[in-house]
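I opened my notebook to look up a few things in this structure. Here is what I am working from.

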Amino acid sequence: MRCPQDTSDPSTFWKQNDCLFVDRVLIPFMGYTIRTPGWRYTEWTRWNGSSLLPDWTKEGLVGVELYSHPAGDLQVGFDEYENRNEAVANPKVVAGLRKLLREAIGNQTRIDSLASTGQGY
């Protein structure tokens, strides 16, 4: 769900959605992920290109993914356990990880532009 051309029809989100070399103000959706020893949780939100911030409202949330991982097994390949989205079956896990994810995102330091830091990267 990176850069779908038609954002009015969710069934087309997976078609021609490359975001290579796309200015971040033009990206319609953004995914945020948090990983714990037992789970990987991702929220897909509408992206506000003007403010360069996610839309955390109920209307802005376009997808949720929850994948189980055996406790403590952080070295296993991504695809080995990520073949079934378990979000609907685990609402308490989703609620807890949603809170952790949003706290982590909220605590990030935002740099509007690398040029403004004087770093020149």
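**Entry 1: a buried glutamate**

I began with glutamate 65, which counts as buried at 16% relative accessibility. My cut-offs: buried means under 20% relative accessible area, exposed means over 50%, and partly exposed is in between, using a 1.4 Å probe and protein chains only.

Before going on, I noted that this is a predicted model, where local features need pLDDT of at least 70, side-chain atom pairs count only at pLDDT 80 or more, and totals for chains, interfaces and linings use all residues. Residues are numbered from 1 along each chain as its sequence is written, and side-chain values use heavy atoms, with hydrogens and water left out.

**Entry 2: its partner**

Which residue forms a salt bridge with glutamate 65? I found arginine 40, with the closest N and O atoms 3.8 Å apart. A salt bridge here is a side-chain nitrogen of Lys or Arg within 4 Å of a carboxyl oxygen of Asp or Glu. Arginine 40 sits in strand β2 (residues 39–48) and glutamate 65 in strand β4 (residues 61–68), so the pair ties together parts that are 25 residues apart in sequence. I took helices (H or I, at least four residues) and strands (E, at least two) as DSSP runs, numbered from the N terminus. Arginine 40 also counts as buried, at 14% relative accessibility.

**Entry 3: the other salt bridges**

How many salt bridges does the structure hold? I wrote down three. In one of them, the side chains of glutamate 43 and arginine 98 meet at 2.5 Å, N to O. That pair links distant parts of the chain, with glutamate 43 in strand β2 and arginine 98 in helix α2 (residues 91–106), 55 residues apart.

Glutamate 43 forms a salt bridge with arginine 102 too, and there the closest N and O atoms are 2.9 Å apart. Arginine 102 lies in helix α2 and glutamate 43 in strand β2, so this pair ties together parts that are 59 residues apart in sequence.

**Entry 4: buried or exposed?**

Glutamate 43 is buried, with a relative accessible area of 0%. Arginine 98 is partly exposed at 26%, and arginine 102 is partly exposed at 27%. I also listed what glutamate 43 touches, leaving out residues up to four places away in sequence: among them are Met30, Tyr32, Trp56 and Leu101. Contact means heavy atoms within 4.5 Å.

**Entry 5: strands side by side**

How do strand β1 and β2 pair? Strand β1 (residues 29–35) runs antiparallel to β2, over seven bridges. Two strands pair if DSSP finds at least two bridges between them. The two form a hairpin with three residues between them, and threonine 33 stands opposite threonine 42 in β2.

**Entry 6: the nonpolar core**

Last, I looked up the largest nonpolar core, which has 12 residues, including Ile34, Trp47, Leu66 and Val94. Such a core is a set of buried Ala, Val, Leu, Ile, Met, Phe, Trp, Tyr and Cys residues joined through side-chain atoms within 4.5 Å. β1, β2 and α2 each supply at least two of its residues, and α2 gives the most, with four.
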